[in-house]
Every structure is written in structure tokens, then in C-alpha cells.
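Please read it alongside the sequence and coordinates.

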Amino acid sequence: MAVSVVSQQQFWNDWNASTREQHLDEVSFRQAEVVKNWLTTIGRKDLDILEVGCGSCWFCEELSQFGRVTGTDLSNEVLDRAQKRMPHVELVAGDFMDLDFGRDRYDLIVSLEVLSHVEDQPAFMAKLARHLRPGGYLMLATQNRPILQNLNRLPPPGPGQLRHWVDKKELTTLLSRQFDVKELFSVTPRANKGIMRIINSRTFNQPIRALVGNRFDRMKEAMGLGWTLMALSRKKR
């Protein structure tokens, strides 16, 4: 059954107010770390940047170190509050699929954990590509379906929440029509069921981190055991 935009907007206004406006967790911090590493490698500070699904705008401030930032999200109430905190960032509330940000306008689009909440994922990818200049970058994070589905117990979607996770192969297929995929890997091992609950637990990992730092976590990420899939892509010329 279709979920109305109004009910989606209400869900995300409430969710951001109770969650992202209150705190960030390791999943968000790790996504930000990867994106900032990619941006540092690009080595530019004059980028035209669009963040799609910016939510509470927690990442917009950091992105502004690399250029001019526009953020957009369905959560109009959340963006109203964020705009007061960040007058230097252009914030546009509304359904991304209905908003016009211009063709070939941006050097970079960042989208963190939005894809799984989109009804028409191929159309979403095509619209992202339209707004990017040829050769422009897409830095995308989305939930890693096998890990969330098989290794975690999660509540069902709330009223107004769309949920369609993808795996690595599905994400590659979605990206490949408009983009050349440069990197695609998982980050942030997390599990609350099965043997991986123990392997990812703080009790098990703390002494290992004391000996080898984050190398054990990075090994699990390389094995595809991360909560998040991170994809760096460039729009085809």
C-alpha cells in the first residue's frame, strides 16, 4: 500500500526531533568519516554541494568546509530549526522527487541513509544524476540488507516510514546506469542476534581494540559485515 508524503513527513519530523537532533551514534560518525576522507582526497574547497535527505542537518556544517552547501529534506519542521542555527547553508524542505535543483548544477551530492526510504529507487538515482555535472561525485550511504535482515532484530517500519534495504549487488545495479562506481564497501559492524552479537559486543572487542586499534573492525567491514554500505561514484560523462 502506498505511503502518503504527508505521513512520511510527519514520521521524519518526529523521528529527527527525538533522535538526530538529540544525539549521533557510531553509524553516523563512521559515515561522516568516510565521506570526509573522500573529500580530502578530492582536495577541493570550492565545491557546489547538495545533501539530499539532510535530516537534522548535522552533517551540513562539516560539508561547508568543502564548498557551498544546499541541504534538502522532507522534514520541514526540522529544517526550520536548523536554518536558524546555520544561516549560511541553503535549506530546502520538500519531497526531493518534486523539487527542481537544476540540471548539471552540483559537483557533489551526498545522501546518507535515504535510499532505503525511497519508493522508486531507480527514479531517485536518475534524479540525483540529473543534478550533478558530468564527472560529478555521488557519495552515498545506505543500510546493508543482509546485515540488518539476518543479524539484527529491528522493529517494523513505523507509520509513514518506507523501508526497502538493498544489498551490495542491488546497490551496484542501481548506481551503474548513471554512474561509474569507484568504491563500494561496508562500515560499522553491528549485530544484536546470533554469534555476531557476541563478536561485535563491547566486551569482546574492547581488549582486542586495546591491542590492535580498529584493525579488527576494519577487517569485519572488509568482509561485508558492516551495517552501512558506502558508495563513491562519478556521473558518467
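The model is predicted. Ten helices and seven strands make up its secondary structure. The radius of gyration is 18 Å, close to the 18 Å that the globule rule gives for 237 residues, so the protein is as compact as a globular protein of that length.

**Overall dimensions and surface**
- The C-alpha trace spans about 50 × 40 × 35 Å along its principal axes.
- Of the 237 residues, 50% count as buried.
- Among contacts with a separation of 6 or more, 74% come from residues 24 or more positions apart.
- There are 33 positive and 28 negative side chains, and the centres of these two sets lie 6 Å apart.

**Nonpolar cores**
- The largest nonpolar core has 29 residues, and Val-35 and Met-139 have the most contacts inside it.
- At least two residues of this core come from each of helix H2 (26-42), strand E1 (47-52), helix H3 (60-63), helix H4 (76-85), strand E4 (106-112), strand E5 (132-143) and strand E7 (226-235).
- H2 gives the most to this core, with five residues.
- Apart from this core lies another, of 24 residues, including Phe-101, Leu-175, Leu-229 and Ala-231.

**Surroundings of Met-139**
- Leaving aside residues up to four places away in sequence, Met-139 touches Val-35, Trp-38, Leu-39 and Ile-42, among others.
- Its contacts also include Leu-108, Ile-109, Val-110 and Ser-111, as well as Ala-231 and Leu-232.

**Thr-70 in strand E2**
- Thr-70 is found in strand E2, which covers residues 67-73.
- Is Thr-70 buried or exposed? Its relative accessible area is 5%, so Thr-70 is buried, the cut-off being under 20%.
- Beyond residues up to four places away in sequence, Thr-70 touches Ile-49, Leu-50, Glu-51, Glu-90, Val-92, Phe-101 and Tyr-106.

**Helix H5**
- Helix H5 (residues 121-131) is mostly covered, with eight of its eleven residues buried.
- The buried residues of H5 are Gln-121, Phe-124, Met-125, Ala-126, Lys-127, Leu-128, Ala-129 and His-131.
- Which elements are included in what covers the buried residues of H5? They include E1, E4, E5 and E7, together with helix H7 (168-176) and strand E6 (179-189).

Conventions
Residues are numbered from 1 along each chain as its sequence is written. This is a predicted model: local features need pLDDT of at least 70, side-chain atom pairs count only at pLDDT 80 or more; totals for chains, interfaces and linings use all residues. Side-chain values use heavy atoms; hydrogens and water are left out. Helices (H or I, at least four residues) and strands (E, at least two) are DSSP runs, numbered from the N terminus. The radius of gyration is taken over C-alpha atoms; the globule rule is 2.2 Å times the number of residues to the power 0.38. Buried means under 20% relative accessible area, exposed over 50%, partly exposed in between (1.4 Å probe, protein chains only). Contact means heavy atoms within 4.5 Å. Lys and Arg count as positive and Asp and Glu as negative; His and the chain ends are not counted. The place of a charge is taken as NZ of Lys, CZ of Arg, CG of Asp or CD of Glu. A nonpolar core is a set of buried Ala, Val, Leu, Ile, Met, Phe, Trp, Tyr and Cys residues joined through side-chain atoms within 4.5 Å.
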